[in-house]
Each structure stands twice: as C-alpha cells, then as structure tokens.
Amino acid sequence: MTASPARRPAWQRVYRELKRARKHFRSPLSSLGGALGWAKRKLEYGYVVRHRIKAARDGYKALPVSKMKDSFVLVRIIGNDLEPRHRKGQSYDNALFILDNESDFPDCEKVWIVNRITDPGEEARVIGLLESRGQRFHRIPFDLDAYRQVPWNTDGLAANESRFSNADNRPGGQNASRYETHIRRRKNLYAMNNNGARNTALEIARGRAKWLMPWDGNCYLTLPAFRQIRAAIEENPHFRYLVVPMARIVDNALLLDETLTPPAQEEPQIIFRNDTTELFDEEYGYGRRPKVEMLWRLGIPGLWDRFRDDAWDIPRPPLAADAGLFQSAGWVARLDSGRSHLEIGRAGFRARLVKRDEAIVGMLDRCDARAIARTLDPARLAYYDEDMLVAARREQNAHVHQELRACAEQALLRGPFSVVDKTGRAPSGDPHDYFQPAPYWWPDPRKPDGLPFVRRDGEHAPGTALYDAAGEAYDRTRLQRVLDDTTVLALATTVLGEARYATHAALLIRTWFVDPATRMNPNMRYAQVRCERDNNEGPGYGIIELADLHFFLDAVRLIERSGALDKRDSQAFRAWLSSYCEWLDTAPAARFEFHRLNNHGVFFDLQRAAIAAFLGDGAALAKAGLHARERIADQIAADGSLPEELSRTRPRHYAMFTLQGWTALARILSSVGDDLWAYRAKDGQGLVKALRWVAAHADTLATMPGETFDQERIRPLLDDLARHHFDETVPAGMQAEATKQIFHPDCAIAPFWIWRRP
C-alpha cells in the first residue's frame, strides 16, 4: 500500500520534491558534469536525512520532551495593514472572523501578539476587540521616537548603485521596487518586525506547551485540519517540526464549511517542538523572505527554492543541524486580504509582489513623515540660527552692524523687481515666465546663423552673468536681487530693529511672488534655454538659479514675524511655493535635474528641502535626507574629492560651490534633527571628508586663465570643518577667521553667513 504524501518519511518527500524541482533548476550547472554533481549532493543530503531521522526516532524516548503530553500554544501575530497590498482594516476583520468562527481545539491555548501597528487608531481598535473577547495578548509597541533613530540602508550602496547612477533603480526601472524596499530595509525590520514577533511568539509559547505555533495573524485553522496535525504528531512525535501547507482564501465565508479542503500550495506555517533551538533570523524583513529563510534552513522544499536573488539580498543560509527533521500534515487557510485579484493565479502572484513593495514603501514613508513632523516647526528658521540672531542684536558688534546697515541701506534703494520688467520675452511669449539663456552656450562661429549653439564651459555668454548690463533682457539678475536684498533687509530688521527694512522686504516678496500683475509663474521652464534645443525650453539646469531660496525663506519667516507681510500675502506666497513644488516633482526637466550627479543634483535637493521645511512637509524632508545620502556615494570619492566638479574648467570654483550646497542642505536637515554631517557611505565618504579634502587641496586646484578667485571663499567651509571634524584633527592653519560677510552670489554663500546654524 502506498503511503499518503502526509505520511511518507521526510527524506522521501524531500527527495521527491527536489527531483520534481530539478527540471526548473537554472544555474551554471547545466553541463553534464554539473548536473551529476548537483544530483550527487542531493543524494548525499537524502542519505544524511535518513540517518538523522533514524537517530531522532531511536533517541526520542530518552528525551524529557517525550514524557510531555501533546499540548499546543497557537500564537497569532497581528501586524500592519499595508495598502494597497491589503485592504485597510483587514487585520481587524480577520481577527474578528477567527474569534467568531474558529473552533476551540483540545489541549490548545490561543494567544495573540499585537505587533508594532503604526496607526495608533487601528492598534487601539485591535486591542479593544481582543479585550472585549477576553483574549490573552502581548503588545509589541511601535515607538515613533525609536523608529526615527533607525537609519536608511544606504551606507552599503557602492558607487553606481543609487537611483542617481543606475536607471534600473529609478521609477519605471526593472529593479525600482526592490531598490526602494532595500534602502528602507532597516526601517522595515523595525516597523514590520516579522521575525522579531515570531521569536517573541516562540518565547511566549515555549514554557507553556509541547508544540509551539508562531503563526501569522491571518491564519485560520479548521477543526478537521487540527485533528490531522495532531494525528501526525501522535504517530511520529520524533519529528521536531511539522509543516502545515497554506491555502489562499478570497472569501472567508467558504471556511464555515468544515468539509472544505482546498489546494494548499502556498508558503506554509511551521509548528516547533519545544526542545528545538532554531530561531527566525531577524535580519530578514517583510517582503524579503522572513519565513522562507527558516524553510531553507530546515530543508523544506518548495517554490521558494527557485526564487530569484537580488544582488543586495542576504546570502541564503546554510542548512541547520535539524534540517530534514520535519513532517507535513493538515492545512491552514490564509484569510482574505481584501484584494482578491492579488491572490489568484500567476498574474495575481506577480501583481502581489509589486503591490507588496509599494505598500512597504508607502507605510514607511508615512512613518518617516510623522517622525519628522514631531520636530518640524515651519515658523522656525531652518538655515540661520535663532540664538545667534538674538545674540547679534544684544551684543552690538559695531563692525558687523555697520556692514549690515550699509548693505540694508543699499537694498532700500533698489527694486521692487518683477519678472515682467525684462526687455526680452520667454519663448512662450508670456512676460510672467522666467527667462534666462544658458550661461555657457554660444553661437557656433562655423555656422552662418550660429545654430545650434555650442558649449564653452566656464565662459559666460553675453547677458548671462550676474549684473551684466546686457542681462536686462533676462531675469537672472533681478531674481538674485530679490533673494539677496530681501535676506539682508530681514536680517537688518531683526538685528538692528528698524521696521523700515521689513516694509521694503515685504514689497520685494509681494512684487515677485504674490501680486498677479507682477508675479513670476511658478516654474523654471525657460531657465537656461539653449537656442534651438529642447523646443527652446530649459532642460532643467536652470532650476539651480533658485538655489538661494533656502536662505530667502528664512528671510520671509523674519518678515512675517515683523508683521510687514500680512496673512493674505503669506498664504498667497505659500500657494506659489506649493505650485512650484508640484512642477519640481512632476516636470520632465525637473526630474532630469533631480537625477544629475553633480552640483545641480545637490542644489535641487537643497531647494526642495528648504521649501518642505517652510511648508511643513515632513514627507518631502524625509525624502531629501534619503536622497542626500544616496548621492554621497556617487558624488564624493573615497578620498573626499568631488570628481564631477574637478572635471570642469573651473575646478576650484565648482568644488567649493558644491560643498556650500552640501553644507547648506545639512543645515536644513539638522533643523528637524536629521544629522547628515555624521553620515558615512560605504567607502567612508561624507561631508567632513570632503571638507578636509578641499581644505588640503584648495591652493592647488586650478582656475581658468584670467579668472578672479576670491580667496576668502574657503572660510565658511573651514568653519564647518572646525565645527564638525568628529575627533579628526583640523589641518594646521585651517581654522576659519570670519572677516567677510557678503560674497558674490556665484559663491553660494548666504549673506552674513556667520549667523547660520551650526
């Protein structure tokens, strides 16, 4: 008589499964020799398992556990609903279905774990249900402050692995969803806590029963299935593990018919004997085989043996000493997820993987936004330091106050400025569209009409340099005047205490951003236009012309505090910023700029982070911190140099210019407790290393012939190095001496930089 599959010896089932899987086996072992070697190893494994099972059978009666009565603790783990993989509230509904319909099982205690549910309202609802039904449960809390301390998983990224250097890892790329979950791996481990909760379930159950069932919260067991499990255990108690195949159910009501026995071919649940010592590996996170790693270790064959491994996956574990000591019996239902189209067939399987990754990323991003929001005060200065401004007003430093007053008085004589004042027009013909030609693109002298223009890196075409008289046809100089003059006037209002400065600053803000007759359209479509290219629209490079928005937004905060900008104007300004952000987040040119691997990408992040801080957008701030970390591995070399900037015709300028962007971004992030200063990439790259490199090489970096270079530009960077050297020695003679307060805007140094945040 042929034994049923549930009653065959374990080694026989393992061998049959491996033999069946052989036709699907894909590896370099496709040669005859390789195939024979593969078969030989499997036969050897089967031999080991046979002897292991025999030893377990022969020695079972001598074990203390053999004297124990067969008893069970079923611990079910209720975790987060992950939309769109699950329907919101489905975990609660499934727990309710179990409590209403599942039988009591002889000698089986039921316990629940409420596992790091991130939504406080949903957690309270689940706990209320369990308490109302008199259920025993253990709560593993989700602590938002603890979550916030969990780092991004970017420090393992090598060069050319980030979204910025590898198009496969961008939205739409073949590895995009996997990449997004990978860089959130540590956050996933904390928030989902799959294997942590399973190990807690084993700990809870171990001293209370002979057989431990650390199962998922959506598992439903019928009484006939439990009887099959118990019968198998009674017949073969020497097996240390029992594998319970799982069936996906799309209609829970079907389970009310206890004669139902659906095909059970999904990833199984496992029952442990209480003298086992294997624990789930807590380095495996949700979506990346947290239970499968145990199946691999125990040698339990299945479809998971043919899963594709990504380059960043944890290497598969070796077989455990207990491998092969399992039997299979019964079945368990996986209750409805609320997304039936993801549960059926191969198409559902593929769609399920995509939606699962999407759900993981979405939930973690919401947690990051909440964590940032705890410390985010949109009214607080993000670049300048509140305490330093108070001290500056109190201390009455004559030299600095005199310079501030002189700059503010000059600003009073200028403006207001409007985008409609230019003598030229953007290709759109709309005077409200910002318009500026690309600075390094010149007519081709070999062509009669000069078209298409050619690039001469580092050489400004007529009218494209700041304060160039020919620039009246364009908007770059006017925009910079708005940013700089408003900031100087706001600082003067705060430090010198004179309201007339705030009045003029408010006029500058209203004219450029608020008044319908004079305001700029909220986009940079025609910034750095290259004639006869890209349909005469800017390719994205021109977004950098709003880079100084980060300190200007602090100026707006100070002017609002003064009362010179009323509530209606403030709301209109925020509406402009929101519209501009929508363009930054969706326009193809903006997406191109975002992915740039040089200073343009850094200044994009700086601009987006500064606006997010001003608008109270915690989600965008969290993303800016992530993107900054991803960029570091690609943009800063292991020795601290900046290869992209050193390849330019003005390497000395661009190295310092880029680091000003990096350090300003670090300040914006630090305003919400995100410490970019201390971050280190895989090969040790970080801001401090880059600052040390530029400090050591500043005098040897090249400049263009005839270029006038301001030697004082390095002082703010040396000041940062002195503040953030982290137990490293600051090079001798490199301490900053703050002597110059105002630099040319091309230096990317904020006015009166001495009052910036540490």
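What share of the contacts in the protein with a separation of 6 or more comes from residues 24 or more positions apart? In this predicted model, such residues account for 76% of those contacts. The protein has 758 residues, of which 57% count as buried. Its secondary structure comes to 24 helices and 13 strands. Taken along the principal axes, the C-alpha atoms fill a box of roughly 100 × 65 × 55 Å.

The nonpolar cores come next. The largest has 116 residues, and those with the most contacts inside it are Phe 552, Phe 573, Leu 621 and Trp 755. Helix 22, residues 651-670, gives the most to this core, with 11 residues. Another core lies apart from it and has 40 residues, including Phe 105, Ala 225, Met 246 and Val 332.

Not counting residues up to four places away in sequence, Phe 573 touches Ile 509, Phe 513, Val 514, Phe 552, Leu 553, Val 556 and Phe 614. Ile 509, Phe 513 and Val 514 belong to helix 15, where together with Arg 510 they meet Asp 569, Ala 572, Phe 573 and Trp 576 of helix 17. By class, this contact has six nonpolar and two charged residues, and no polar ones. Helix 15 covers residues 499-514 and helix 17 covers residues 567-586; the two pack at an angle of about 45°, with their axes 10 Å apart. Helix 15 and helix 17 are therefore oblique to each other, and helix 15 passes helix 17 in a left-handed crossing.

Phe 552, another of the residues with the most contacts inside the largest core, takes part in the contact of helix 14 with helix 16. The axes of helix 14 and helix 16 (residues 549-562) come within 8 Å and cross at roughly 45°. These two helices are therefore oblique to each other, and their crossing is left-handed. From helix 14 the contact takes Val 482, Leu 483, Asp 484, Thr 486, Thr 487, Ala 490, Leu 491, Thr 493 and Thr 494, while helix 16 supplies Leu 549, Phe 551, Phe 552, Ala 555, Leu 558, Ile 559 and Ser 562. Divided by class, the contact of helix 14 with helix 16 has 10 nonpolar, five polar and one charged residues.

Helix 14 (residues 476-496) also packs with helix 13 (residues 398-412): their axes come within 9 Å and cross at roughly 130°. Helix 13 and helix 14 are therefore oblique to each other, and helix 13 passes helix 14 in a left-handed crossing. On helix 13 the contact is made by His 401, Leu 404, Arg 405, Cys 407, Ala 408, Ala 411 and Leu 412. On helix 14 it is made by Asp 485, Val 488, Leu 489, Leu 491, Ala 492, Val 495 and Leu 496. The residues of this contact divide into 11 nonpolar, one polar and two charged. An α-helix has 3.6 residues a turn, so residues three or four places apart point the same way.

Two single residues show how sequence separation and spatial contact relate. Arg 380 lies in the loop between helix 11 (345-373) and helix 12 (386-395). Is Arg 380 buried or partly exposed? Its relative accessible area is 27%, so Arg 380 is partly exposed. Leaving aside neighbours within four places in sequence, Arg 380 is in contact with Thr 375, Glu 386, Arg 557, Arg 561, Ser 671 and Val 672. Its C-alpha atom is separated by 47 Å from that of His 341, 39 residues apart along the chain.

Val 243 is found in strand 6, residues 241-248. Because its relative accessibility is 6%, Val 243 counts as buried. Apart from neighbours within four places in sequence, Val 243 is in contact with Pro 268, Gln 269, Ile 300, Phe 326, Gln 327, Ser 328 and Ala 329. The C-alpha atoms of Val 243 and Pro 539, 296 residues apart along the chain, are separated by 58 Å.

Terms used
Residues numbered from 1 in each chain as written. Predicted model: local features only at pLDDT ≥ 70, side-chain atom pairs only at ≥ 80, totals over all residues. Heavy atoms only, no water. Core = buried A, V, L, I, M, F, W, Y, C linked by side-chain atoms within 4.5 Å. Buried < 20%, exposed > 50% of the residue type's maximum accessible area, 1.4 Å probe, protein only. Helix = DSSP H or I, 4+ residues; strand = E, 2+ residues; numbered from the N terminus. Contact = heavy atoms within 4.5 Å. Axes fitted to C-alpha atoms, helices over the stretch in contact; angles between N-to-C directions. Parallel < 35°, antiparallel > 145°, perpendicular 65-115°, else oblique. Left-handed = near helix turned anticlockwise from the far one by under 90°. Nonpolar A, V, L, I, M, F, W, Y, C, P; charged D, E, K, R; others polar.
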